[in-house]
Amino acid sequence: MKANSLISALLLSILTISTASAFQKKPPVNHEEIIYHIFQRSFYDSNGDLHGDLNGIHQKLDYLQKLGVTAVLLTPLYESVFYHNYFSSDFKKIDPRYGTLADYLALVKDLHHRGMKFYMDMETQYVTEDHIWWKDGINNPTSKYSDYIIYDDKEHTKPTSIVFGVNGLLGYDSVYRKITTVNLNSPKVLDYNYGLFKYWMDPNGDGKFDDGVDGFRLDHMMDDLDGKHLMPHLFDTFWNPLINKLRVVNPTIKIIAEQAQWLSLGLDYLDHGSVDRVFAFRLAYSIRAFSKKMLTENADSTFLATPANKQQIVFIENHDTPRFSFGVKGDVDKLKIGAALNLLMGGVPSIYYGQELGMTGNSATFGATDANELPDREAFEWYKTDQGKGMAYWYKQKGPHKDSFNSDKPNDGVSLEEEQNAPNSLWNFYRQIIAIRKANPVISTGTYKTLANDNEHLFSFMRYTGNKQFIVAVNLSDKPVTANIIRGLGNKLKIVYGKVMPVSNSSSMAVSLPAYGVGVWAD
């Protein structure tokens with residue numbers, strides 16, 4: 001949850017930067033993984049308090065496996081006064097609304113038993129006035145936590161602001177809390193973070209990691225935190241030392257950085273920040289724009305610039321963005337285009353909970369409160385009536401905005417109950433495309449190449465390795481199209497998805513697709 005997310009989104013939506021020619025192709029990395037990103041307070045409520053929780057996720061692991069995902073990413077679990085759990089009051093304590101440590105360990109162990117992975121979201125750069133570092137350190141320069149947060153005065157009466165000079169936020173429930181920046185320059189803070197991250201990697205300390213995370217998502221990671229020049233070289237002084245020590249404990253740990261500047265390809269994080277993955281923001285906004293030009297330029301630059309043995313997280317929506325369905329007004333054909341590009345272009349795909357149903361929502365404006373992005377984080381729609389066991393309607397209980405969030409409409413075709421038995425539903429399309437992804441490892445192991453064609457509305461690309469090729473074409477328009485696509489590696493193609501077989505000659509292959517049609521072929 002970032003204060004600059006709206007600004008970034010607006011900039012990204014008009015971004016087109018042609019940089020592909022500046023990069024050389026890198027060797028592909030062999031990695032097959034499909035992440036399911038959950039805003040857990042809104043997913044499934046196991047105990048009737050209307051808050052989604054850990055046991056709720058545990059009870060729905062069969063659902064996730066039926067969908068086909070192989071990993072789970074949760075938003076922060078630690079205690080916070082804010083509903084999204086960023087800006088912590090205690091990093092070591094699981095929010096009791098989510099459950100207990102025993103609930104957490106049972107979930108992680110079952111995920112691993114099923115061959116699935118678990119990723120934890122961490123943002124330890126900020127704390128609220130409820131945190132012990134603030135409560136013991138305020139007005140007390142001799143506190144043992146005196147250098148854990150940054151103050152604007154020697155008397156420690158004024159904890160410094162966070163990004164954009166913000167000193168606090170009004171919660172969706174009208175409760176205001178002050179927020180400040182943690183002093184990442186402090187060796188004590190580095191040691192604390194090492195102990196904290198190490199614990200979540202191996203809670204019982206037996207070195208087996210069956211009860212620990214498979215990786216961390218680092219929210220709002222920066223080399224110069226918030227551009228304030230108070231901590232200008234954090235890659236060298238904080239992040240690299242921390243991550244390198246964690247890899248000594250578990251060399252297989254994966255570190256995912258959310259680059260704070262969404263306009264960035266994240267190459268500095270991959271090259272100098274010790275992380276394994278960043279988020280393909282430019283690609284996400286190109287998919288949302290239904291622009292062949294943007295897709296061509298940003299797919300080429302994103303995939304060809306990524307260093308060897310590093311990955312891009314490919315997504316079309318997350319907890320900081322309006323729902324993809326909102327942008328396409330619920331058009332199922334467009335939603336399927338988004339799903340196909342999300343899952344078939346390569347990288348490591350991430351699906352935001354409810355995306356597979358076409359859930360909608362758009363960041364509303366409620367002033368300087370953390371309710372701004374709540375419409376993107378509404379309850380997962382399990383039932384046709386949007387009522388029933390497990391519905392996580394925590395945000396409808398109290399607060400001035402409790403009647404403002406109503407994207408959930410009964411009998412609108414957007415629910416698991418309505419879609420799971422409808423062969424042509426978006427949900428079943430996601431299952432089908434996920435199965436195609438799993439059956440064709442060349443998508444993740446092969447080299448990416450945009451395939452030129454002669455139609456302004458058709459975007460085509462391939463993944464290939466050796467003589468193996470996987471070709472995708474999507475019609476980005478609302479009218480049927482015919483195009484000649486530059487040939488891939490040979491003529492021996494078979495239909496993987498769709499009904500059209502390309503007609504090949506010596507230099508190209510002719511393809512016809514219906515409005516918002518998808519064609520997939522492989523040899």
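A crossing of two helices is called left-handed if the near helix is turned anticlockwise from the far one by less than a right angle, and right-handed if clockwise. By that convention, helix 6 passes helix 7 in a right-handed crossing. Helices (H or I, at least four residues) and strands (E, at least two) are DSSP runs, numbered from the N terminus. Keep in mind that this is a predicted model, where local features need pLDDT of at least 70, side-chain atom pairs count only at pLDDT 80 or more, and totals for chains, interfaces and linings use all residues. Residues are numbered from 1 along each chain as its sequence is written, and side-chain values use heavy atoms, with hydrogens and water left out.

Let us stay with that helix pair. The axes of helix 6 (residues 187-201) and helix 7 (residues 234-249) come within 10 Å and cross at roughly 35°; axes here are lines fitted to C-alpha atoms, for helices over the stretch in contact, with angles from 0 to 180 degrees between N-to-C directions. Contact means heavy atoms within 4.5 Å. Helix 6 contributes Val189, Leu190 and Phe197, among others, while Phe238, Pro241 and Leu242 are among those from helix 7.

Now step back to the whole protein, which has 15 helices and 21 strands. Its C-alpha trace spans about 80 × 50 × 45 Å along the principal axes. Of the 523 residues, 60% count as buried, meaning under 20% relative accessible area (1.4 Å probe, protein chains only). Among contacts between residues at least 6 apart in sequence, 68% join residues at least 24 apart.

Technical notes: Buried < 20%, exposed > 50% of the residue type's maximum accessible area, 1.4 Å probe, protein only.
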